[in-house]
Each structure stands twice: as C-alpha cells, then as structure tokens.
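Work through the exercises below with the structure open. Each has a task sentence and a stepwise solution.

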Amino acid sequence: MAGIKERQLQRLQPLIFKLESCMVILGISAYYHDSAAVLLKDGVLVGACQEERFTRVKHDPSLPIRSVKWLLSEAKLTLDDVDQVVFYEKPLLKFERILATGVAYFPWSWRIFPAQMHAWLGDKLWMQSNILKGLNIPKQKLLFSEHHLSHASSAFFPSPFEKAAILTIDGVGEWATTGLWQGNGNTVTPIAEIRYPHSLGMFYSSITAHLGFAVNSGEYKVMGMAAFGTPIFMEQMEELLILHPDGSFTLNLDYFQYHLHPREPMTSKAVDLLGDKRHPASEFDPLSEDPILRETSLHFANIAASAQRRLEQALLHLLKHAKDQTGEENLCLAGGVALNASANRVIAESGLFENVWAQPAAGDAGGALGAALWAWHMLHDNQERIQQRVDLGRSWEREETKMFFNDFGLQFTDQEANLVEQASEDLAEGKIVAWMQGRFEWGPRALGYRSILADPSNKKTADTINEMVKFRELFRPFAPMCLEKEASVYFDIPKASLPMLPYMLCTVGVREEKREEIPAVTHVDGSARLQLINEDNHPMMNSLLQAFKEKTGLPILLNTSFNMKGDAMVSSPVDAVATFRQSNIDVMYIDGFRIERSLKGKTNN
Ligand SMILES: [Fe+2]
C-alpha cells in the first residue's frame with residue numbers, strides 16, 4: 001500500500017509547479033452515469049449540478065455541456081477564464097482494467113469483452129479529445145484525477161472535520177472498488193484499497209438484478225424491500241461475500257460473473273444457492289392476503305434483508321480496520337454505497353466513530369466536486385475549506401416564470417408575501433403540494449427545493465402519492481423532514497448520525513409511541529429516512545415546518561422528490577408545470593406563485 005502515495009506524489013509534482021496561479025477550476029464527471037459539473041472560483045463553490053437536471057435524461061452520462069454553460073454564466077465567466085478542467089478519473093487506467101480483466105478471464109469473458117471493446121474503441125478511449133473538443137479548451141488545461149481520490153476528496157474536503165478517516169465504496173473506479181484514506185487539513189492520503197472484481201457495490205448491484213430491478217438505479221428498491229424481510233439467508237450471503245481477518249473482503253467468483261457477462265451478473269450456481277431470480281414485472285406484496293403472492297414476496301424480501309445485513313457486516317468489518325489504522329474519531333463516506341441510508345445508520349450506531357458525514361452526492365456525480373476540490377486543496381495547496389450547501393443548482397427569475405405562465409394561459413396567484421402561511425394551510429388541509437423554490441439540489445435526494453410535500457399523519461396520503469402522483473411501487477417508503485429542535489420527540493437519533501441528517505443520508509428509528517402519529521413516513525420496520533431542518537441549513541423550510549406545526553401540532557412533513565417515476569427531478573418552471581399537468585398533485589408553488597389543480601390550464605384574468 002505504501003507505493004500508492006509515492007506514485008501519486010510523483011505524478012503530482014510537475015503539476016504543482018504549473019498550477020500555482022490557478023483560481024478558477026471546473027470539475028467534471030461523465031461517460032459512465034450521472035455526469036455532473038462543478039465550478040470553484042477562488043475556492044468558492046459557484047454551483048454544482050448533474051446534467052440530467054438540464055437534459056431530463058435520467059442518469060445522463062454525456063459530457064455535461066449544459067451544466068458547464070450554466071455554471072459559467074452564473075459566475076459571469078467564459079471558458080477562457082477557467083484555469084483548470086479536472087476530470088474525475090483516469091480513462092486510460094480504466095481501459096487498462098477492462099483490457100486486463102478481459103484477457104485474464106478469456107475465454108470466459110467472450111460475451112462481455114467484444115461489447116466493452118466496441119464501446120471503448122468506438123468512443124470512450126478518445127475521452128480526452130472528446131472533452132477537449134466538447135468544451136473547446138486547450139490540452140494543457142485538462143487534468144485527470146483518480147476515481148476514488150475524487151470520491152475521497154468529495155467526502156472529506158466539504159465535511160465539517162479537520163481530521164477524519166475516509167471510506168470510499170462503490171462498484172468500481174479504475175481498479176479500486178474500496179478505498180481507505182485519512183484526511184487532514186487540505187490533504188487526503190491513501191492507506192489501503194481493494195481492487196476489482198471484489199466490490200461491495202457490485203455485490204449489492206448483483207443482488208439488485210437477482211431481485212428484478214435495474215442495476216445502478218434499483219438499489220434503493222432493494223433497501224426498501226429489505227425492511228419487509230428477515231435475514232434468513234445469512235449462510236448463503238457468507239458464502240457469497242467473504243470477510244478476512246486483515247479487514248478486507250473478497251467475493252466468491254463462483255457466484256458472480258459481472259466481469260464476464262454483460263447482462264447476467266450472477267452465475268447459475270447463485271440461482272442454486274438463492275433460488276430463481278424475481279421477474280421484473282412480477283408483483284411484490286409481502287402483506288397480501290393471497291398466500292402465494294405473500295410467500296413469494298417474503299422470499300425475495302428475505303433475500304434483500306440478508307444482502308443488506310451482509311453489506312452492513314462488511315462495512316463494519318472494513319471500518320473496524322479503518323479505526324485501528326487511523327485512530328480517527330470522525331468518519332467521511334463517499335461512493336455509491338454511501339447512499340445506502342440503512343447501512344449508514346448501522347455505521348452511526350456502531351460506536352466506532354463519534355461523528356459520521358457522507359457526501360450528499362456520494363455517487364459518481366459527486367466525483368466532479370471531488371476532482372475540483374482535489375485540485376484546489378492538494379495541487380494548489382489551499383488550506384481554506386469550502387462549506388457544503390445543497391442548493392447549488394440553477395434558479396429562475398420570477399418575472400421569467402410569470403411570463404411563461406401568462407404565455408401558456410395558466411391561472412396562478414402571487415403568494416410571495418404570505419407563501420409560508422398559504423402553503424402550510426394547504427398542507428394542513430391534507431393537500432399534496434409540489435414545491436419549487438430557489439436553486440435546485442445537489443445530489444440524488446430532494447431536500448426541499450424541488451419536493452412534493454404532504455401531511456405525514458395520514459397513511460392514505462402516501463398511497464395516493466405512490467399511486468396517483470409518482471406511479472411507483474407501494475412498498476417504497478417516503479421520508480420525513482422535521483424541525484431539528486423537535487426531532488428527538490419523534491425519532492431515536494444516534495449522535496454520530498447528526499452530521500448526515502441535513503441530507504437525508506441516514507435512517508433513524510421512529511419512536512414506538514409516535515409511529516401511529518406519522519404513518520406516512522414510518523417504514524414497515526419502524527425506520528425513517530430523516531432530514532433535519534433548522535434556521536441555518538434551510539430557512540424557508542424551517543418557517544414552513546414551524547407554520548405547519550402551529551396548525552397541526554406536527555413539526556414534520558412528508559418529503560419526496562418532485563418528479564414522475566423514471567424522470568429526473570424537475571429543474572425549471574417548464575419541467576414543474578409539465579409534471580404537475582401529468583400528475584394528481586393538488587397545488588403547486590413555484591418561487592412564490594401558486595397554481596391549483598382545479599385551475600390547471602385556465603387563463604389568468
Ligand atoms: Fe464511483
């Protein structure tokens with residue numbers, strides 16, 4: 001492991017000299033999924049956004065041209081003003097891994113290897129020239145970070161800690177799938193890594209596919225499903241994922257073939273071990289009165305619960321080692337696996353670390369932020385750390401929105417002066433409220449800038465939102481947002497989880513005596529993916545929750561993302577109106593304007 005740091009420093013040395021005068025840094029992630037761009041101007045975060053928010057293509061992997069364009073206009077800059085463009089990984093190292101894996105496993109890799117070569121030789125291998133051409137920048141401005149270094153930087157540099165252990169966990173980057181790092185001031189230092197094909201992200205994604213969901217997007221559903229099950233397949237999971245005394249893990253490759261097969265991540269031996277795969281279109285209802293449907297559903301829920309438990313065991317195993325190696329009190333997390341809110345709860349409750357923070361955009365989109373911060377802190381040797389906000393996306397001018405409403409004949413009222421009062425009244429009356437205010441969020445969660453809000457005390461509200469608005473699976477839970485000062489009345493909150501709670505990255509337990517009061521946001525296992533709101537982190541939502549509490553006694557609202565199933569979250573007033581028209585949302589607020597469902601399409605007088 002000692003060699004990694006030396007190699008990294010050797011590569012950085014010539015660049016440190018060149019970059020002393022850089023002030024404007026553009027971070028980019030692209031070409032796999034969830035592409036994103038981030039702009040740092042003199043160490044200040046101008047903005048950060050995923051390309052899907054502009055193109056409306058969910059998980060859009062393309063070069064984030066639209067995001068870059070918006071970021072530059074927001075900063076009143078042009079590409080000529082950008083000193084450095086930092087890509088979040090090293091494409092050639094990634095290609096080396098694909099090539100080496102294909103050759104090492106030949107002839108068993110014959111199914112996947114030609115497809116990978118086609119993709120890489122056709123387009124991906126020319127990533128550098130594609131970026132240069134796409135952004136129209138000279139070669140000397142482009143720099144490449146490393147995948148897990150970008151994740152580690154995104155986890156530590158925006159965190160509230162001066163020193164911390166860092167764990168990066170995902171499917172795979174160039175070679176690494178898991179990284180242990182130490183963060184101190186303006187530096188992250190690698191300690192150990194685990195390499196492909198052994199990967200916790202791939203383990204969970206393979207189970208996701210076995211349970212009939214799409215890899216890279218259905219993982220949340222497995223987490224939701226797990227709450228209905230009992231982990232009775234632990235023996236099988238221990239056979240699949242092996243923990244070693246040195247703190248590492250391996251996957252038993254008799255059961256996994258994601259490195260060999262483009263569509264089937266698990267072998268037929270895994271089917272012998274776990275039973276048949278779940279068909280994607282099959283119904284899932286573990287509470288059904290039909291005994292056959294109930295039993296089948298419970299079988300898959302038990303697999304989900306067992307895989308979730310095994311993932312948590314593996315994370316604790318890694319983290320015990322991390323604690324021994326670093327002796328740190330604080331922990332930072334990033335990489336797609338860090339979005340697993342149930343696992344984050346287990347980590348927070350383990351007592352291994354006093355405080356746990358995770359990057360809100362923990363997946364590959366967050367790599368754009370990490371790449372920019374790596375350059376800012378480690379190449380430019382800047383000490384001052386940024387403060388992580390989440391409203392980092394674009395906002396729209398109210399006048400522009402008003403003109404759009406008028407052009408499309410939408411009847412609206414301007415409630416800017418009494419927005420909180422009117423919206424809290426709608427919510428207290430049981431209406432489903434679409435809420436678009438200010439800049440949109442960074443990361444995959446709706447955090448009160450592009451949200452659908454409702455009263456959490458009525459279970460039917462959740463079913464209505466699932467069936468009539470979001471058109472998604474009934475077993476998936478909704479999340480509560482709660483006034484921070486009132487939260488301990490309703491939730492059991494482990495102290496270590498507090499830094500993660502403004503970002504909805506960790507589940508907590510709903511107090512048993514309170515579960516009936518907030519059934520729409522209490523999952524079947526008594527957990528909730530809580531978001532804590534206070535005056536500092538979200539003043540507008542703080543006021544809305546306060547007003548809702550005055551009317552109903554509850555300092556809590558149901559919060560889910562403002563989009564339809566399969567769509568990216570809305571960004572602009574146009575997206576918001578389109579989604580509102582297709583759904584059964586009762587009322588919509590856009591930057592203080594109010595539109596009612598009964599008045600959809602009617603002209604303002
Ligand atoms: Fe990643």
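**Exercise 1. Which strands pair with β14, and in which sense?**

Step 1. Strand β15 (residues 450-454) runs antiparallel to β14, joined to it by 4 bridges. Strands are DSSP runs of E of at least two residues, and helices are runs of H or I of at least four, both numbered from the N terminus; two strands pair if DSSP finds at least two bridges between them.

Step 2. With strand β22 (residues 587-590), β14 pairs in the parallel sense, over 4 bridges.

Step 3. Locate Trp435: it stands opposite Ser451 in β15 and opposite Tyr589 in β22.

The model is predicted: local features need pLDDT of at least 70 and side-chain atom pairs pLDDT 80 or more, while totals for chains, interfaces and linings use all residues. Residues are numbered from 1 along each chain as its sequence is written, and side-chain values use heavy atoms, leaving out hydrogens and water.

**Exercise 2. Are the faces of β14 buried or exposed?**

Step 1. In a regular strand, side chains alternate between the two faces of the sheet.

Step 2. In β14 (residues 433-436), Val433 and Trp435 lie on one side, Ala434 and Met436 on the other.

Step 3. All four residues are buried (under 20% relative accessible area; exposed is over 50%, partly exposed in between; 1.4 Å probe, protein chains only).
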